[in-house]
Amino acid sequence: MLKKFAAYVVFNLFDLEPGTHLGEAINFFIYDTMKVFILLIVIIFFVAIIRSYFPPERTRRILSRKRQYLGNGLAGLLGIVTPFCSCSAVPLFIGFVESGVPLGVTFSFLISSPMINEVALVLLLGLFGLKIALLYVGTGLLVSIIAGIAIGKLRMEKYVQDYIYQMKVGSAEIPQQKFREKIVYARDYTKDLLKRIWPYVLIGIGVGGFIHGYVPSDFLVKYAGPDNPFAVPVAVLIGVPLYSNAAGTIPIVQALMGKGMPIGTVLAFMMAVTALSFPEAVILKNVLKMRLLLIFFGIVAAAIVAVGYLFNAIL
Amino acid sequence: MKIEILGMGCANCNKLYENALEAVKLSGKEVEVAKVEDIKKIMGYGVLSTPALVIDGVVKVAGKIPKVEEIKGWIK
C-alpha cells in the first residue's frame, strides 16, 4: 500500500516518468521515508513502555545476584531494554559495582546499552531488511558478552578508581509510574526522540535514494572492498573516537553500503561509532584507571573487528 | 522546601534545572532550587540514572525530565 501511494505521488502528482533516475530516486525516497517513520513511531513507543519496567535500579537488583557467563548474557540483554544516557554512565557504574555486580558483567551492560537500541534496530530493519537488523543485534550482544567475560577474567578490580569502593550508595525507592503515566511518558518520549533524530533519518534515506538512483558505485570498493584485508580494522579505528548515536550513523552507513563496502565492514564501523567514543572515554576516566580504560577500549574494538570479519566471511 | 537537581552537568540536567526554576516561578512559592553535581552526594540518594529531581530529600524522579507542570504539582 505504501509502495502504491509513493508511486502515485511521484508518477501522477509530480508527473515524473517511471524508469528515469530522478523518478526512481524520488519514489524510493518517499516510500522509505513513510516506511521508516511509521516503524520508528510504533517501535519507539512500545520500547518506551517496555523500558519503563526496567529502570536501572531494577536492572542492578537483577544483576547483583548473578555470576559470570549467565550474568554477562543477562547484562547484555538488559542493556538493550534499560534506558541509558552516557551522562548516567558514572552513577550507573558505581551503583552496579557497589551492589556486587561483577566488573565483567557491568561492562557487558555498558557495552550493549549504547550500541543496541530500538532506533538502530528500526533503521536497519527499514533500510536494510530483517536479516541485517537481527545480525546487528545478535553480534552486538555477542561483542558485549565476550568483552565482558574477557574483562572479568583479567581480574581488573584494582584498576577501578579507589574512591568507588568507599562509596556509600543510598537505597531510595524511585517512584514507579502508573500504567496511564507510562503511556503518556512513552508518547512524549517518542515525540522528543523523533524531534531529535528526524534530520539524520531523512539524510540517511536521502543518501540511500540518491545512490539508488544515480551512483553506479565502485569508488570505495577499490579501497575498502572485500579484497582489502585491512578494511575492517581501519573502519573500526576510524569509528572508535567518533561519537554519534545510532541514528546519526545511518546516513554514513547508507552511503558506505551504497558504494559497495561489504556489510561486515560497515556494521563494524557502526558498532565502533556507537559503542566507543572519545567523550565516553573522558566520562569513564572518572571511574576507571587509565589501564582498565585502555583495556576496555582494546577488547571491545578487537571484538568488533572479529565480528566484521565474520560477517564479511559468511555473507 | 528545597528542590535538588542531581546530575554531573549534562545537557539533560540543565534542562531539568530550568524546568524546576520555571515551575517554582509559576507556583509563586519560596523554594530553593540547587544543583547537586558531586557524585558522592548523588550516589547517596541511591540514584543510578541522572538527571534526577529530589524534593526535601525524597527522590521524585530519576533518569528523565519531568515537565514544568508535573514539577509544579509537587511543590506544596
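Predicted model: local features only at pLDDT ≥ 70, side-chain atom pairs only at ≥ 80, totals over all residues.

1. Residues are numbered from 1 along each chain as its sequence is written, and chains are lettered from A and ligands numbered from 1 in the order in which they are written.

2. Chain B has three helices and four strands (DSSP runs, helices being H or I of at least four residues and strands E of at least two, numbered from the N terminus), and their order from the N terminus is β-α-β-α-β-β-α.

3. The C-alpha trace of chain B spans about 30 × 20 × 15 Å along its principal axes.

4. Where chain B meets chain A, 19 residues of chain B and 21 residues of chain A take part (a contact requires C-beta atoms, placed from the backbone, within 7 Å). On the chain B side, α2 (39-44) and β4 (58-62) each give two or more residues, and α2(B) provides the largest share, with five residues.

5. Within chain A, the axes of α11 (residues 231-239) and α15 (residues 290-314) come within 9 Å and cross at roughly 140° (axes are lines fitted to C-alpha atoms, for helices over the stretch in contact, with angles from 0 to 180 degrees between N-to-C directions). Residues making this contact include A:Val232 and A:Pro233 of α11(A) and A:Ala301 and A:Ile304 of α15(A).

Note on methods. Contact = placed C-beta atoms within 7 Å.
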